[in-house]
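Biologist: I am new to this structure and would like to learn how to read it. Could you walk me through a few features, giving the general idea and then the case here?

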Amino acid sequence: MRTVRGAGPRPGGRDWMPAFLAQLAAPGTQLVRATGDGRETVYLFDTGREAFASLTADGDQWNVRQGGPVAIWDAIEEAVTAWRKAGEPDMTSVRLAVTPDTHCYWIGGRQIGDGRRSYWLRGKEAALRWRHPHPPLTT
């Protein structure tokens, strides 16, 4: 178990962009909130990868426990921290490329073009890039 405070993501937060980043960083993860004994606990479950994280409020901090082959909370925390370091860009900064086998998302980089077409060069921050495989596209 470890403690999260201050600059990390707010597990119970209701900000839209951090929630979107959480889904990019931990696709397939389900979120459940529970309140008991005056404390809130947030549970994250990824049944496909058999991983979990629980975050329990303790004053102004959260106690984190996680298990399974994937550290769900670590992935979310890394993405949100990188996003904050990048200046908390809004949703218009998110780019998407769909290939026959993946959806690729990224934040950052720059746009180049030749007058007829426009391209995005991805940024260097690995924590702000995601590749999500999907079933093959059919025509």
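**Reading helix, core and sheet**

Modeller: Let's start with a helix: at 1.5 Å a residue, the 14 residues of α2 should span 20 Å, and its end C-alpha atoms are 20 Å apart, which agrees. The expected span is 1.5 Å times one less than the number of residues. Helices (H or I, at least four residues) and strands (E, at least two) are DSSP runs, numbered from the N terminus. This is a predicted model, where local features need pLDDT of at least 70 and side-chain atom pairs count only at pLDDT 80 or more, while totals for chains, interfaces and linings use all residues. Residues are numbered from 1 along each chain as its sequence is written, and side-chain values use heavy atoms, with hydrogens and water left out.

Biologist: Which residues in α2 are buried?

Modeller: Buried means under 20% relative accessible area, exposed over 50%, and partly exposed in between (1.4 Å probe, protein chains only). In α2, the buried residues include Ile 72, Trp 73, Ile 76 and Trp 83. Just after α2, Gly 87 has a positive phi of about 95°.

Biologist: Which residues touch the most other members of the largest nonpolar core?

Modeller: A nonpolar core is a set of buried Ala, Val, Leu, Ile, Met, Phe, Trp, Tyr and Cys residues joined through side-chain atoms within 4.5 Å. Here the largest one has 27 residues, and Leu 44, Ile 76, Ile 107 and Trp 130 touch the most other members. Its largest share, seven residues, comes from α2.

Biologist: In what order do the three strands of the open sheet lie?

Modeller: Two strands pair if DSSP finds at least two bridges between them. The order is β6-β7-β10, with antiparallel pairing. β6 (94-98) and β10 stand at the edges with a single partner strand each, so one side of each has no neighbour in the sheet. β7 and β10 are joined by five bridges, and Thr 102 has Pro 133 in β10 as its bridge partner.

Biologist: Is His 132 buried or exposed?

Modeller: His 132, in strand β10 (residues 129-133), is buried, with a relative accessible area of 15%. Its side chain reaches the backbone oxygen of Leu 24 at 2.9 Å. Contact means heavy atoms within 4.5 Å. Not counting residues up to four places away in sequence, His 132 touches several residues, among them Gln 23, Pro 27, Asp 101 and Tyr 105.

Note on methods: Polar contact = N/O pair within 3.5 Å; in protein donor to acceptor, adjacent residues only side chain to side chain.
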